[in-house]
Amino acid sequence: DFEGVFLDGLAASGVRGIRLALEAEFNVEFCDTSTLATETISKNLDFINRMIWLFSGVSGMIIGAGYVVQSILLVALVYIILRNSEQLLNYFDQETKRPEDGSVENVSN
């Protein structure tokens, strides 16, 4: 239940602060005196942001493709039903007709 700013002192690559920001949703400030460390932190943050955008884009494409496939299947089903509607109606009509020849036998005693 931490509220406030977490200071990642001597951050080096920034991995600790990045994990706290992503996993625990902390507000993180990075601090290091090394120029190489600050450049590495910037590159890692940029990489994380790119990975999040990439993952979001791929997830959206997969979900969107699912809707496209569902739409194609629905159109194909409607086409088949419309193309064969008379045959389907005849089939269902045959199912509902009962034989009237009196061949039903009473098996109760």
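**Exercise 1.** Determine which residue forms a salt bridge with Glu-23, and describe the setting of the pair.

*Solution.* Step 1: Glu-23 pairs with Arg-19, and their closest N and O atoms are 3.2 Å apart. A salt bridge here is a side-chain nitrogen of Lys or Arg within 4 Å of a carboxyl oxygen of Asp or Glu.
Step 2: Glu-23 and Arg-19 are 4 residues apart in helix H1 (residues 15-23), a separation of about one helical turn. Helices (H or I, at least four residues) and strands (E, at least two) are DSSP runs, numbered from the N terminus.
Step 3: Glu-23 is exposed at 57% relative accessibility, while Arg-19 is partly exposed at 49%. Buried means under 20% relative accessible area, exposed over 50%, and partly exposed in between (1.4 Å probe, protein chains only).

The model is predicted: local features need pLDDT of at least 70, side-chain atom pairs count only at pLDDT 80 or more, and totals for chains, interfaces and linings use all residues. Residues are numbered from 1 along each chain as its sequence is written, and side-chain values use heavy atoms, leaving out hydrogens and water.

**Exercise 2.** State where Asp-46 and Arg-50 lie.

*Solution.* Step 1: Both belong to helix H2 (residues 35-83), 4 residues apart, about one turn of the helix.
Step 2: Asp-46 forms a salt bridge with Arg-50, with closest N and O atoms 3.1 Å apart.
Step 3: Asp-46 is partly exposed at 37%, whereas Arg-50 is exposed at 57%.

**Exercise 3.** Decide whether Asp-8 is buried or exposed.

*Solution.* Step 1: With a relative accessible area of 1%, Asp-8 is buried.
Step 2: Asp-8 forms a salt bridge with Arg-16, the closest N and O atoms lying 2.4 Å apart.
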